[in-house]
Amino acid sequence: MSTAVGEMTNHDHHHHAPSGFTRWLFTTNHKEIGSLYLWFSFIMFLVGGSMAMVIRAELFEPGLQLVDPHFFNQMTTVHGLVMVFGAVMPAFVGLANWMIPLMIGAPDMALPRMNNWSFWILPFAFMILLGSLFMDGGGPAFGWTFYAPLSTTYSTDSTALFVFSVHIMGISSIMGAINVIVTVMNMRAPGMTYMKMPMFVWTWFVTAFLLIAVMPVLACAATMVLTDKYFGTSFFDAAGGGDPVLFQHIFWFFGHPEVYIMILPSFGIVSAIIPAFSRKKLFGYSSMVYATGAIAGLSFLVWAHHMFTTGMPVGAEIFFMYATMLISVPTGVKVFNWVATMWRGSISFETPMLFAMAFVVLFTIGGFSGLMLAITPADFQYHDSYFVVAHFHYVLVSGAVFSIMAAAYYWLPKWTGHMYDEKLGRLHFWCSLISVNVLFFPMHFVGLAGMPRRIPDYALQFADINQIVSYGAFAFGLSQLIFLWVLIKCVRGGEKAPDKPWEGAEGLEWTVPSPAPLHTFETPPEVK
Amino acid sequence: MSIRLISALIAVAPFAASAQSQLNMTQGVSEISQRVYDLHMTIFYICCVIGLIVFGIMFASMILHRKSKGHQPATFHENVKVEIIWTAIPFIILVGMAIPATKTLIAMEDTSESDVTIIVTGSQWKWHYKYFDRDVEYYSLLATPQEQINNRLQKGENYLLEVDRPLVIPTDRKVRFLVTSDDVIHSWWVPDFAIKKDANPGFINEIWTKVEQPGIYRGQCAELCGKDHGFMPIVVIAKEPEEFAAWLDEQEALALEAKAEEQRLLALSMSKDELMSLGESVYLGNCAACHQPNGEGIPGVFPSLKGTDMILNDRAAHIDIVVNGKRGTAMQAFGSQLSLRELAAVITYERNAWGNNTGDLVQAADVNEFLNR
């Protein structure tokens, strides 16, 4: 049986598989599409990162030195959009493509052609978005949150391109999410019940439902902005009976679940890595699953905590304060479970584990500032200050991005068949860890001292801390070039990786050879 | 690794205790701002304690239970009792935190029985203040010179936090602010009062403060509102109630005088030199942020005024757009912001600067016709 399958694979390969660029353009293979997603997201990470460098260079000292305020606003806007929709989300979809079939013992994703399409529309979305920067009047300059009426009446014509690119990104995400759901529901190997699925599969499964629920809401918000600007509607214009705050309600009804879309898969990654390097089973698997569900459910009930200063009725403020505080309970459960997993384990400190442990600590610090932000009266002071910038970068950079790096180091041997350079990996980790804290920790202080976010120039009392932050930013940016070096080195060669390079790792992905052949699990494995 | 972080957190605590720190939230100058500060510190300390415990256990595990020391892994992987405890304890802490937070929030949102009401209106990129039931209203613009922003002059002590006409409020009185906007969303933030309220176009938000000490308090717009979002500061001077009353009376008298002066000026003509020099200063203060000092605007964002059809060929349309603005664009109605003299001067300037040599002079009386349309 297995030889027959092998022959068929080879046959398929020799006669139909195109080579060169068309191989990648027409591929329907989950591993190849996963690699495309991952490389694309890394390129976007560098593009968005260079915009952050422009921002930090301008903010290095008071006064306007390098860019004018209008261009500065384009940089903050496009940096946010590129990092959220171009770097973090596609990285997670790439990991899902590579790992979900390998983890549940499926031969491929359930809908391979749609998989191809959902990737290949993304580069066009970002070409449109980035291209708009070169228009007369520049690209979008209203923040990634595109609040009306700044994005409608008062925006430039690049808004139309912005809306179009957001639509394409949304379609891509929805198709990716459908694929994950259909794959997980239908293609699990015999014996792989829901409560036996690895946490990464579980968290992605929940994330996919969140995506399907909220991406259409983002599409609505973007379309209403488009019609308000070009077709005379007044959804967000009081002069025509609309309300600008309505936009914020719609946006954040998307935006808050989106935050969890960008962190739940991280939880899954860390829940795979910490047990592997503690050589001990994940503590409280079922409570992890329930906590994931609880976080996802609550994420629909807390959106207006982004809007405490918009003038909501006091009753609504109280409701959203309580609901937001409640989220820290399931999130706390997760952190406690990871610590309990490490407790009395047999811990070793390879690069994936280093990133995963840094994730736990730094994400928790981001969670603490999140809890502080939930306290509505205090939020009146924190809101739209650098405290918020510090908060969400702790969650997204030292949270989501660190977990993606941990995942890359953890599975690189499986993807490439080579061990990465452990020394370089550790160098990358320590440089990133130190610089990310120099970059984001002092932001808490300037925020508390009263520095608003999204300003190109600032008062003199903020100068010292901004300089430290900028040094941290340049160092963090440069540290990522080490990562690029590690990746290239590992793809091109290195020590041969065994099928299971990590002593304590568990899961079906370690039962296939390294590198994982193009087709795996054509005969489903038996899960006991 | 994160011992450094934790020690950084602890190192902040002494700063946090001192009153006016550059690293922590201000305690402010009202009872409410003090309560907000207390809530902030309480939740901060709660987070520190939880952090110390959780990270402490994690680090202990990293030190004690490492493979290189030959530690053998245990096999436990669940414990219902422990899991219930660490779900319940955070919940109880949260309830304890929610009670004072709710009380403060309700007090902050109670704008009833105020003594003074001031209407605060944001527009790109300045604040307008109007004393309710009084004939006093004015715009408050950034006072920092462009040369300081462009690094050609030494920056002053209150760089970017200074305005030409600060808002004046009384101490020991409940002052209510009605906050709204003329164009995009702005946000009126004075940290010392613990006030931050969005200015939404077409809607009015309410907020209040009762300042305890006289002084000068500075803040900034907190909601991204376009190109010069970073350049619309707020300065509030709090005066003793009697001093405030005298100030307000004086301003009202000055405003009446200025109105009478306007009427008198209608009959007079200004010379071209006079118009051009006043016009240039008005232009740089009010128009150059968008149309740029050289009149060329920013392509695709703000139109050029240099050699354009309207300016060269349609005098009436030019006066009209300056006085009444253009709906649906960032072009504001300057008729309500500038005096007739200033309007006449700036229009004359635009019609004769940057090679626009129309030779036209626009006088206060010409502008007045459009103002009353």
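Reply: Two strands count as paired here if DSSP finds at least two bridges between them. The model is a predicted one, and what follows is computed from it.

With that criterion, chain B has an open sheet of five strands in the order β4-β10-β9-β6-β7, and the pairing is mixed. The edges are taken by β4 (167-170) and β7 (195-199) of chain B; each has a single partner strand, so one side of each is left without a neighbour in the sheet. From one strand to the next the twist averages 25°.

At the β7(B) end, the partner is strand β6 of chain B, residues 186-190. β6(B) and β7(B) run antiparallel and are joined by five bridges. Within this part of the sheet, B:Trp188 is placed opposite B:Lys197 of β7(B).

B:Val179 stands opposite B:Asn205 of β8(B).

Chain B has 11 helices and 10 strands. Its C-alpha trace spans about 95 × 50 × 40 Å along the principal axes. The radius of gyration of chain B is 28 Å, whereas a compact globule of 373 residues would have one near 21 Å. Of those 373 residues, 38% count as buried. Among contacts in chain B with a separation of 6 or more, 65% are between residues 24 or more positions apart.

Chain B also meets chain A: 82 residues of chain B are in contact with 86 residues of chain A. On the chain A side, α4 (69-104), α9 (244-261), α12 (314-342), α13 (351-374), α14 (376-382) and α16 (422-448) each supply at least two of the residues that touch chain B. The most comes from α12(A), with 14 residues. By class, the side of chain A that touches chain B divides into 50 nonpolar, 26 polar and 10 charged residues.

Finally, a helix pair in chain A. Helix α3 (residues 30-58) and helix α5 (residues 112-120) of chain A pack with their axes 10 Å apart, at an angle of about 10°. That angle makes α3(A) roughly parallel to α5(A), since angles under 35 degrees are classed that way. On α3(A) the contact is made by A:His30, A:Ile33, A:Leu36 and A:Tyr37, and on α5(A) by A:Asn115, A:Asn116 and A:Phe119. The contact of α3(A) with α5(A) has four nonpolar, three polar and no charged residues.

Definitions and conventions
Residues are numbered from 1 along each chain as its sequence is written. Chains are lettered from A and ligands numbered from 1 in the order in which they are written. This is a predicted model: local features need pLDDT of at least 70, side-chain atom pairs count only at pLDDT 80 or more; totals for chains, interfaces and linings use all residues. Two residues are in contact if their C-beta atoms, placed from the backbone, lie within 7 Å. Helices (H or I, at least four residues) and strands (E, at least two) are DSSP runs, numbered from the N terminus. Ala, Val, Leu, Ile, Met, Phe, Trp, Tyr, Cys and Pro count as nonpolar, Asp, Glu, Lys and Arg as charged, and the others, Gly among them, as polar. Axes are lines fitted to C-alpha atoms, for helices over the stretch in contact, and angles run from 0 to 180 degrees between N-to-C directions. The radius of gyration is taken over C-alpha atoms; the globule rule is 2.2 Å times the number of residues to the power 0.38. A residue is buried if 20 or more other C-beta atoms lie within 10 Å of its own, exposed if 12 or fewer, and partly exposed in between; C-beta atoms are placed from the backbone. Angles under 35 degrees count as roughly parallel, over 145 as roughly antiparallel, 65 to 115 as roughly perpendicular and the rest as oblique.
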